[in-house]
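Welcome! Please take a look at the sequence and the model below, and then read on for a short tour.

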Amino acid sequence: MTSCLTMQERAVAINPTRSCAPIGAMLANYGIHGAITINHGSQGCATYPRHQMARHFREPVEVATTSLTEKTTVYGGKQNLIAALKNIWERFHPTMIMVCSTCLSETIGDDIPAIIDEFLEKHPEVTIPILSVKTPSYIGNHTTGFDNFLKEIALNLPDRRKKKGETNGKINIIPGWVNPGDIRELKHVLREMGLHGLWITDYSETLDGGYYHPRPHFPRGGTTVEELRSSSKSLATIALQRHIGGEAARIYERRYNVPAHVLTMPIGLKNTDAFVNTLVEITDHTIPEALEVERARLLDALVDTHMYTTGLRVALYGDPDLLEGLVGLIAEMGMTPAYILTAADNRPWGERMVELTEELGVESEIILKGDLHELHKRIKQKPVDLLIGHSKGKFIAEAEKIPLVRVGFPVEDRFGYHRRSIVGYNGAIALVDEITNTIFERRATTIVSNTLIETGVEGPTDIPIPLRNGAARHP
Amino acid sequence: MQFKCNQTLPERAIHIAIKGPGGKCQRGDGTACFIANNVATTPGDMTERGCTYAGCRGVVGGPVKDAIQLTHGPIGCAFFSWGYRPHLADSDFHMKYTFVTDMNETNIVFGGEKKLLQSIIEANAEFPDAKAVFVYNTCSTALIGDDGRDVAKQAEAIIGKPVVFFECEGFRGVSQSLGHHIGNETIFRQLVGSVEPEGDFSRSINIIGDYNIKNDIRTFEYLFEALGLRIIARFTGNVSVDDLKIMHKAALNIVHCQRSATYIADMMKEKYGTPYINVTLWGIKNMSQALRNTAAFFGLEARAEEVIAHEIARIQPAIDAYRQRLQGKRVFIYQGGPRTWHWIELLRELGMETETAATTFGHTDDYEKIFRQIAEGALVIDNPNVPEIEEILTRRRPDLFISGNKERYLAYKLGVPFVNGHTYDTGPYAGFVGMVNFARDIDKALHAPVWNLLHQHARPAPADRHATHGFEEVES
């Protein structure tokens with residue numbers, strides 16, 4: 001089995017799989033209770049991401065903008081940012097303000113940290129943290145904004161006054177770009193282990209909230225600023241996505257002596273095992289019965305479904321960390337991740353993916369700097385049985401009549417995916433079920449009770465089943 | 001009405017007014033001056049406004065069905081403006097595809113002109129059937145001084161089809177509104193009149209300022225055609241580049257969205273002498289009047305009456321039935337611009353009254369039309385922000401909120417029935433038959449059993465460590 005790494009060469013991007021940096025910082029900031037984002041740029045830089053998040057989470061998403069105009073491109077946006085800070089403070093009394101930049105404010109050269117300092121000097125009554133995060137759209141993508149936010153949190157919020165051996169008894173968990181349902185599943189794992197997580201950050205409730213009367217002033221949930229302050233006293237930090245939070249975890253280690261564990265996103269059996277084993281390693285807690293039962297149930301689901309999934313060719317697209325985790329479960333299901341496409345221009349990741357897929361016994365083409373039009377062209381040349389990625393892949397799915405299993409961000413054409421989980425043993429079970437049912441729906445049109453089991457699921461691609469893969473794991 | 005949330009924001013007062021006795025404007029600052037509008041947003045007030053790029057790419061240029069929609073800038077502008085607004089057509093290339101020059105840091109430092117030229121050539125090579133390339137400029141590419149106009153000219157010579165360059169950088173203007181203007185002006189300058197077709201155009205019209213949201217045109221185009229008129233171009237719902245090129249031949253322009261598209265009607269009037277009439281294509285009275293006014297221009301009055309009578313007979317029983325269920329409901333309409341005043345009469349026909357009216361980017365003429373139509377005592381608010389909307393929903397407690405998807409979930413969190421006026425829940429809503437859809441959606445929104453569940457069975461948020469954190473009671 002040999003995988004290969006290719007790079008899309010086109011200058012024009014057609015149907016990108018990614019969006020831009022500010023939305024990542026805004027999303028992460030939603031995980032802090034009572035925190036408000038000010039986007040320093042054109043109004044569209046706040047309104048577009050708000051709209052996008054509202055379509056995914058189906059929740060009110062509120063982000064302030066400094067409403068820069070033509071004049072500010074000449075004279076700078078300082079007055080607008082100072083006014084915005086003042087207005088947000090006076091009207092909302094937030095627990096924290098995060099100012100993220102844009103193409104516009106970066107290109108005109110506004111010194112946001114200096115403007116914030118000036119504001120704080122003039123307003124000594126403002127004692128909350130005001131964080132500046134660099135998020136111009138022309139550097140990286142939406143994951144970059146999330147990651148930069150986490151780095152700023154790690155650098156600025158934790159309490160540096162730590163006595164030797166002082167601990168809060170918690171474990172910092174940086175879930176990365178996941179859904180509220182994923183965070184809840186991770187919390188469940190920690191709870192079952194008898195551990196306390198300190199979530200950096202936690203939008204499991206702020207972006208998947210309930211209906212309460214009266215409406216709380218700030219959405220319920222989220223990590224508090226006080227908790228983040230104490231995050232320097234945690235036992236360890238676990239970052240569950242390498243590119244979102246990995247660097248922040250290392251900052252915790254360097255600055256505050258909190259050991260860093262940077263793992264693959266825990267999708268599938270082995271990736272979840274790695275997460276659980278890390279918790280065991282950090283704390284000496286044993287794996288509880290409840291998690292063992294879930295783990296066994298995942299194995300059971302994998303064996304129950306393998307006759308429908310083994311040998312199917314799948315196309316995966318999205319963010320590097322999601323793909324890295326997902327490819328684990330896809331291989332465990334006996335499927336071949338034929339195309340693994342990301343928009344990121346990240347050769348080290350691509351090389352690691354080549355190694356990883358070869359280790360897993362699957363043959364993949366890993367495409368860097370790719371867009372969905374490129375993926376569509378590959379699929380036209382050599383089809384796949386299944387697409388896995390966010391909603392924007394639906395155009396390929398419709399055109400080629402290939403089912404799409406929706407994971408990642410955004411899922412804007414279906415309901416409730418933000419509540420689901422794909423991480424942990426339970427998340428993997430749910431995803432195995434979803435993938436298998438999607439295949440059933442496509443292949444077996446007339447289902448009479450249990451006869452579906454006999455109908456069989458044939459791939460259109462008549463490729464041989466990769467027995468080496470199976471044989472290697474079942475001698 | 002004094003807004004509690006504006007205690008520290010006195011500058012918002014001039015954007016808020018009540019229609020007082022005798023139709024007088026009673027503005028929030030205590031004067032009788034007209035409501036302030038189309039001015040820069042107060043920074044950090046949580047506005048709902050978007051940018052000039054959004055108005056140009058999203059509203060005016062985006063619906064053109066056979067143009068390559070290429071954003072010259074970083075990825076986000078293109079990603080977020082892709083495929084969320086249902087400006088449908090009889091083909092879906094424009095909905096399915098978005099193109100972007102994907103500016104990265106190196107491009108920002110060294111300039112993006114080469115990449116733009118290459119992108120146009122590549123995009124055209126990938127989709128050779130496209131009839132034009134629409135290039136939208138963004139903040140960053142404008143600031144670094146890319147000469148997109150010149151690149152567009154070069155590209156045009158290379159690919160042999162129009163390359164239309166829109167200078168719609170997000171920072172220009174105070175809202176989406178300037179983007180509409182730029183979209184109109186650029187299409188007019190670069191496309192309209194570039195082909196001179198033969199034939200008889202004496203009974204032809206353009207429908208200006210309709211974007212075919214959820215197939216709105218299916219509710220009214222056949223009515224104009226039933227008058228014996230030929231529709232040359234729609235500006236810009238379900239329109240092709242070729243239609244735009246010959247739209248100057250029309251005998252009459254019918255202007256529907258009078259905020260985003262009167263510009264092109266004015267330019268056509270000036271350059272080609274094409275007359276235009278303003279119409280509202282929503283609601284029984286307004287749709288009928290639109291057909292009557294159009295018919296009067298062509299001397300087709302008798303035919304119009306037949307068409308109108310036939311259509312009204314079709315829908316009247318349904319409308320009557322809905323009116324009984326909707327009678328007396330008080331509505332808060334908040335739309336981008338004209339829909340706010342377009343719908344006041346329609347809602348009255350359904351037995352409802354607009355108690356609060358707001359727009360995101362309306363100009364003085366929009367607010368004049370609102371003031372003319374609303375009842376005394378109604379509240380009018382310009383460019384409302386999130387806390388203001390929340391205060392209206394909690395203090396004035398309208399029976400129904402008609403707004404857009406960003407505001408939907410706020411309304412739901414406050415237990416207020418909501419209908420999506422921007423992109424419709426289950427539209428189309430225009431014309432006679434569309435009004436039945438609108439009434440049905442309003443009925444569904446108002447009478448769904450969920451509101452009883454919420455209002456009778458909802459509980460306060462469990463008191464945990466967060467409940468008191470920065471909590472400030474919202475007055476209801």
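Two residues are in contact if their C-beta atoms, placed from the backbone, lie within 7 Å. In chain B, 72% of the contacts with a separation of 6 or more are between residues 24 or more positions apart. This is a predicted model, in which local features need pLDDT of at least 70 and side-chain atom pairs count only at pLDDT 80 or more, while totals for chains, interfaces and linings use all residues. Residues are numbered from 1 along each chain as its sequence is written, and chains are lettered from A and ligands numbered from 1 in the order in which they are written.

**Chain B as a whole**

- Chain B has 19 helices and 15 strands; helices (H or I, at least four residues) and strands (E, at least two) are DSSP runs, numbered from the N terminus.
- Its radius of gyration, taken over C-alpha atoms, is 23 Å, close to the 23 Å that the globule rule (2.2 Å times the number of residues to the power 0.38) gives for 476 residues, so chain B is as compact as a globular protein of that length.
- The C-alpha trace of chain B spans about 65 × 65 × 45 Å along its principal axes.
- Among the 476 residues of chain B, 56% count as buried; buried means 20 or more other C-beta atoms within 10 Å of the residue's own, exposed means 12 or fewer, and partly exposed is in between, with C-beta atoms placed from the backbone.

**Nonpolar cores**

- A nonpolar core is a set of buried Ala, Val, Leu, Ile, Met, Phe, Trp, Tyr and Cys residues joined through C-beta atoms within 7 Å.
- The largest core has 263 residues, and Val133(B) and Phe134(B) touch the most other members.
- Helix α13 (residues 320-332) of chain A gives this core its largest share, seven residues.
- Leaving out residues up to four places away in sequence, Phe134(B) touches several residues, including Gly61(B), Val64(B), Leu70(B) and Phe166(B).
- A second, separate core of nine residues includes Leu68(A), Ile108(B), Ala142(B) and Phe171(B).

**A parallel sheet in chain A**

- Four strands of chain A form an open sheet in the order β4-β3-β5-β6, with parallel pairing; two strands pair if DSSP finds at least two bridges between them.
- β4 (64-65) and β6 (130-133) of chain A stand at the edges with a single partner strand each, so one side of each has no neighbour in the sheet.
- Strand β5 (residues 96-100) of chain A pairs with β6(A) over four bridges, and Cys100(A) stands opposite Val133(A).
- Helix α6 (residues 112-122) of chain A packs on the sheet, touching β5 and β6 of chain A, and its direction makes about 165° with that of β6(A); axes are lines fitted to C-alpha atoms, for helices over the stretch in contact, and angles run from 0 to 180 degrees between N-to-C directions.
- Helix α7 (residues 142-156) of chain A also touches β5 and β6 of chain A, at about 140° to the direction of β6(A).

**Backbone details**

- Most residues other than glycine have a negative phi, and most peptide bonds are trans.
- A cis peptide bond joins Phe409(A) and Pro410(A), with omega about 0°; Pro410(A) is in the loop between β15 (404-406) and α17 (424-443) of chain A.
- Another cis peptide bond joins Gly427(B) and Pro428(B), with omega about 5°.
- Asn257(A) has a positive phi, near 65°, and counts as exposed, with 11 C-beta neighbours inside 10 Å.
- Asn38(B) has a positive phi of about 50° and is partly exposed, with 19 other C-beta atoms within 10 Å.
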